[in-house]
Amino acid sequence: MVNVSAQPTEKFMDDLEAIRRLKRGDIGGLEILVSVHQSKAIRVAALIVGDEQTAEDVTQDTFLKIFKHIGRFDESRPFEPYLMRSVVHAARDAAQKNSKWQSLDVEDGEETIERLIAQAESVESQVEQKQHEGEILGAMFKLSPRQRAVIVQRYYLGLSEKEMSEEMDVAPGTIKWLLNAARTRLRDLLRSKRSVE
Amino acid sequence: MNLQIKSSHLLESAAQSLAPHNTDLLPRIRAAYQKEKRMKPVRRITAAILIILLAFTILLLTVPDVAMAMRRIFGFIPGVGIVDQSTTIRVLAEPVSMTRDGITLTVEQAILTSDKTVIVYKTEGIPQEARPKGESGFTCQPSTPTLHLPNGTKLNINGGSGSGFRTGFNYPPIPVDVNTAKFLLPCLEDVAPAAAPQD
């Protein structure tokens, strides 16, 4: 899971206070929210769009959109998941504008991303591990933006399939299908790369 | 270490290699936010206007003389094309407009035949600030309007074209016993990213 410096409740209260300040027109609230959440938001966007500049633009736009409508923000809900969901959606849309990908046929998801990651963990040398990580990253960017988005939500943000299904307002089966397709595609890409080598 | 943690560590490492500079977005965001706040209230609301819901009534029995005459003589109606002269045709008796924050949406024509529905509308008063900056600017999506019938049926476009500020869309036919419909325009075309819809 991504490192969080403060306890969840403490963080929630800090965010809440910042949101209330912003709602009162105090720009200090904006400064707190950006300072606390921007790094993670940029990294989430980068994993989907693939480059830092676009990730920063997407993150900036997302913050601005949220701040513009901060008056409507439901204070009973935590800010960070809302922000990350918005970043994922915006990054996916940005990536789709320039993406060249094909739909996938799902055959089986027996070999999963977890196994690929376990392989990366098991290699002895740091150089080999970096190389393996690079392979996985390269393969990830051959997935469709939508598939990358579900991989990031599931494996980086740690959302459950149920949470993803609720957030994206799609059937649980659709999430399962997307994840399965992404895993299968990753496996095939890594296999083909190794066979070339 | 469980697999979820391994996964997030691996992706964390990948994310850091993709975005290594730890850029502070705060100055940019603060400047853009303050600029937005300084805009005149009307313009600010205008930039945010995205959803225009316009209800209009299709008059079943009132058929304007001109359209009727053209149809009788040529079997052709401007904006629709050749129509089946043996069936009933319904049209909007007069244009219907709605103005919000200086932006006006007008449904100029609604023509209902047995095989299609044609809606012609135009928008006026979109300020330059609401337009995307540069060719690469995003515009709100989706921008295609839908028709909603009283029984909950939603009709999506199946054709159409536009030029300038006037656009015409074709929809499936509306049943003859339906006399009202709502025209939902999710967002305005060519509106800047800051004005993307939230709802």
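Reply: Chain B holds four helices and 12 strands. This is a predicted model, and its scores are ipTM 0.72 and pTM 0.53.

Start with how the chain is packed. Chain B has 199 residues, and 40% of them are buried. Take the contacts in chain B between residues at least 6 apart in sequence: 65% of these join residues at least 24 apart. The accessible surface of chain B is about 10700 Å², with 56% of that on carbon and sulfur atoms.

Now the nonpolar cores. The largest has 59 residues, and B:Ile29 is one of those that touch the most other members. A:Leu30 is another of these. Helix H2 of chain A, residues 27-49, gives this core 11 residues, the most of any contributor. Leaving out residues up to four places away in sequence, A:Leu30 touches B:Leu26, B:Ile29, B:Arg30 and B:Tyr33, among others. A separate core of 17 residues includes B:Val107, B:Ala110, B:Ile119 and B:Tyr121.

Next, confidence. The mean pLDDT of chain B is 68, and 52% of the residues reach at least 70. Strand E9 of chain B, residues 154-155, has the highest confidence in the chain, at 88. Strand E1 of chain B, residues 52-57, has the lowest, at a mean of 46.

Two stretches need care. Residues 42-63 of chain B stay under 50 in pLDDT, yet the model gives them 83 contacts beyond four places in sequence. Residues 193-199 of chain B also stay under 50, with 20 such contacts. Where pLDDT is low, predicted coordinates should not be read in detail.

Technical notes:
Residues numbered from 1 in each chain as written. Chains lettered and ligands numbered in written order. Predicted model: local features only at pLDDT ≥ 70, side-chain atom pairs only at ≥ 80, totals over all residues. Heavy atoms only, no water. Core = buried A, V, L, I, M, F, W, Y, C linked by side-chain atoms within 4.5 Å. Buried < 20%, exposed > 50% of the residue type's maximum accessible area, 1.4 Å probe, protein only. Helix = DSSP H or I, 4+ residues; strand = E, 2+ residues; numbered from the N terminus. Contact = heavy atoms within 4.5 Å. Areas by Shrake-Rupley, 256 points an atom, 1.4 Å probe, with all protein chains shown as cover. pLDDT = per-residue confidence, 0-100.
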